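Student: Can we go through this structure together? I would like to ask things as they come up.
Tutor: Go ahead.

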Amino acid sequence: MKNLNIKSAVLALTLLTTIVSCDTDYKDETPSIAGIAVANPNFSTLEGAAVQGGLVGVLSNSNPNDPSGHYTVFAPTNDAFARLGLVDAGTLGGLQNTFLTNTLLYHTSNGDLAGTSIKNGGTSASALGVNRRFISRGADLYINGSKIILTDVNASNGTVHAIDKVMIATGVNIVESALLLKDAKVFKAPELTFLVQAVISSGLAPVLSDANNNFTIYAPTDAAFKAAGFATLEDVKNTPAATLQAVLLNHAIPGGKFTSEQTATTAVTAGGGTLTYSPFLNGVFTVKSNGIPTAATMVIPDIQCSNGIVHVIDKVLIP
């Protein structure tokens with residue numbers, strides 16, 4: 001595919017070589033999508049995720065929901081999972097099974113989607129019922145915020161394209177998405193408890209949950225709030241609502257954008273402040289506000305919500 005750079009082409013060749021040479025006794029048989037994950041060491045974490053998520057049988061067989069009997073899977077490599085700290089069965093155990101199953105379905109669609117059909121500005125419906133979108137950035141092509149590094153691996157029951165980041169979609173609005181994290185519906189250890197309390201105490205929950213509003217949200221972790229001086233949830237509750245509003249609005253940019261879609265070096269926040277971005281690097285960038293000495297780093301980028309995109313970050317962006 002012409003959008004692949006040299007590094008991606010080398011990886012593609014390596015992946016294809018592994019797939020083709022994994023078992024010479026069956027070299028004339030095309031493996032299923034699940035079989036590709038089993039045979040290829042670059043997809044071993046995906047294999048573990050499919051086992052835990054209960055989708056091995058689905059991806060081993062014909063698709064009953066499409067006349068072709070095929071699926072298309074955008075398959076995260078081991079490195080893609082490692083970016084979330086997921087490297088083996090033990091770390092995958094830190095995810096709720098329902099969330100893991102839904103995440104894999106978000107990477108899957110009915111029928112065959114050829115690499116030549118992936119065009120900038122296009123969309124593709126997932127088996128989860130949430131659309132993904134295709135973005136061209138320089139010589140690279142992305143699905144949401146994930147770079148497509150290999151296309152058109154043929155399987156007996158469909159097509160596989162490899163990507164460099166795990167895609168995440170919640171299917172609900174920004175506030176409900178934060179609640180899923182707070183209430184351990186995603187990761188078994190809650191991460192956004194302080195943020196949820198700040199949203200509630202500030203009175204901004206109706207704004208951030210309104211389907212007619214669309215935002216890019218930079219969501220600080222609990223550790224980020226503690227580092228910013230909020231030692232306990234009581235500290236958040238006791239902060240004046242106007243102060244919390246000013247802080248939270250400095251984390252909101254009108255219009256939901258994936259990292260791959262953000263090309264400017266600055267952005268004006270919903271509170272009228274300015275955020276400064278670093279150059280785009282390896283699918284992410286850092287974010288700095290006027291009130292912090294060093295930029296915030298993305299912990300989990302590109303979480304698709306029904307009314308925007310959330311990027312989890314490791315600092316509070318003080319105005």
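Student: Which residue just after α9 takes a positive phi?
Tutor: That is G203, with a phi of about 85°. This is a predicted model, where local features need pLDDT of at least 70, side-chain atom pairs count only at pLDDT 80 or more, and totals for chains, interfaces and linings use all residues. Residues are numbered from 1 along each chain as its sequence is written, and side-chain values use heavy atoms, with hydrogens and water left out.

Student: Which residues of α9 are buried?
Tutor: They are T193, F194, L195, V196, Q197, A198, V199 and S202. The cover over them includes α8 (174-182), α10 (205-209), β9 (215-220), α11 (222-227), α12 (233-237) and α13 (241-249).

Student: New topic. At what angle do α3 and α7 cross?
Tutor: The axes of α3 (residues 44-53) and α7 (residues 97-106) cross at roughly 120° and come within 8 Å. Axes are lines fitted to C-alpha atoms, for helices over the stretch in contact, and angles run from 0 to 180 degrees between N-to-C directions.

Student: What is that arrangement called?
Tutor: The two helices, α3 and α7, are oblique to each other. Angles under 35 degrees count as roughly parallel, over 145 as roughly antiparallel, 65 to 115 as roughly perpendicular and the rest as oblique.

Student: Which residues meet there?
Tutor: From α3 there are L46, A49, A50, Q52 and G53, and they meet N97, L100, T101 and L104 of α7. Contact means heavy atoms within 4.5 Å. The residues of this contact divide into five nonpolar, four polar and no charged. Here Ala, Val, Leu, Ile, Met, Phe, Trp, Tyr, Cys and Pro count as nonpolar, Asp, Glu, Lys and Arg as charged, and the others, Gly among them, as polar.

Student: What else do the buried residues of α7 pack against?
Tutor: Besides α3, they pack against β2 (108-110), β4 (131-137), β8 (168-169) and β14 (298-305). Those buried residues are F99, L100, T101, T103, L104 and Y106.

Student: How many residues of β14 are buried?
Tutor: Seven of the eight are buried, so β14 is largely enclosed by the rest of the structure.

Student: And how does β14 pair with β8?
Tutor: They pair in the parallel sense over two bridges. Two strands pair if DSSP finds at least two bridges between them. I168 has I303 in β14 as its bridge partner.

Student: What about β15, how many bridges join it to β14?
Tutor: Five bridges join β14 to β15 (residues 308-313), and the two strands run antiparallel. I303 has V310 in β15 as its bridge partner. β14 and β15 form a hairpin with two residues between them.

Student: Last one. Where is T77 found?
Tutor: T77 is in the loop between β1 (71-76) and α5 (78-82). T77 is buried, with a relative accessible area of 8%. Leaving aside its neighbours within four places in sequence, T77 is in contact with N42, F43, I149, A162 and I163.

Key:
Helices (H or I, at least four residues) and strands (E, at least two) are DSSP runs, numbered from the N terminus. Buried means under 20% relative accessible area, exposed over 50%, partly exposed in between (1.4 Å probe, protein chains only).
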